[in-house]
Number of protein chains: 2
Amino acid sequence: MSKLLDVEDVTARECCAPLNGPAIGEGEAAELAQVFKALADPVRLRLLNLIAASESGEACVCDLTGPFELSGPTISHHLKVLRQAGLITGERRGTWVYYRVMPDAITRLSTFFTLPMAAPA
Amino acid sequence: MSKLLDVEDVTARECCAPLNGPAIGEGEAAELAQVFKALADPVRLRLLNLIAASESGEACVCDLTGPFELSGPTISHHLKVLRQAGLITGERRGTWVYYRVMPDAITRLSTFFTLPMAAPA
DNA sequence: TCACTATTTCGAAGTCTGTCTAAGTAGGTC
DNA sequence: GACCTACTTAGACAGACTTCGAAATAGTGA
């Protein structure tokens, strides 16, 4: 069960609406905006980068607290935001909690920004 | 000449640091976060979509005000945020101001989210 | 069970954002 | 020039976000 993982997984509902696509609906825009809001913070961006770039593909909170001059609760808060956006997932193993990125969510964003033909005029 | 275009073009400074990459610096993270902050609003997301999806590749403000139940100044504010993030560019032609997306900025974002090998262990 | 560590949740203070109305600027028409 | 439309800027206000310290929860080991 997911006591830790209060993931809304916002990205999963609507799949791959491209930026170029017909017309993003109000709801879809709100969900997508939520994901970007999660990314719209330097700390969260670096956290995501640290997790994504870690050799084993995952990082524990103790590894993520060091690089920042921020309190533990603050890091935890940012991780929660990333989690709720469906960008990362956390798993407790013994004393520590390990986070890893959700590749599908990242790939989906890449797809969103892929312009089939940049402004064909 | 840019009387209208107070574009900071945040995305141009650092090129294509991938999410998987070595380690995003503090400055780079701040700049990137600025771009995502611009995208972190449903209205701006839909504005960008409307501009990107328009047949001619550009849209005038008058076309962009209709779909929203928001005042003109509010739409103008959101367009300014997108402009300052380097995501769109505006040009006045006669009475109307036309906006178009900056393909390079969009492509750069796509690159950022492209995971060469999702978690190469 | 008790103490200790790791992490999250809670509540509060300060700051930023989205929205509005009112006013200003640019361009076109009479 | 006077007036109209299109758009932006300025100022104000409510609500959301970031951050913190303190307290709560989860797990380990004596």
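A residue is near a molecule or strand if its C-beta atom, placed from the backbone, lies within 6 Å of it. In this predicted model, local features need pLDDT of at least 70 and side-chain atom pairs count only at pLDDT 80 or more, while totals for chains, interfaces and linings use all residues. Residues are numbered from 1 along each chain as its sequence is written, and chains are lettered from A and ligands numbered from 1 in the order in which they are written.

DNA strand C is surrounded by 26 residues, the closest being Pro73(A), Ser76(A), Pro73(B), Thr74(B) and Gly94(B).

The most is given by α5(A), with six residues.

The 13 residues of α5(A) should span 18 Å at 1.5 Å a residue, and the end C-alpha atoms are 18 Å apart, which agrees; the expected span is 1.5 Å times one less than the number of residues. Ile75(A), His78(A), Leu79(A), Leu82(A) and Arg83(A) are the buried residues of α5(A), where buried requires 20 or more other C-beta atoms within 10 Å of a residue's own, with C-beta atoms placed from the backbone. These residues cover an arc of only 145° around the axis, which puts them on the same side of α5(A); the arc is that of the directions from the helix axis to the C-beta atoms. After α5(A) comes Gly86(A), whose phi is positive, near 80°.

Definitions and conventions
Helices (H or I, at least four residues) and strands (E, at least two) are DSSP runs, numbered from the N terminus. A residue is buried if 20 or more other C-beta atoms lie within 10 Å of its own, exposed if 12 or fewer, and partly exposed in between; C-beta atoms are placed from the backbone.
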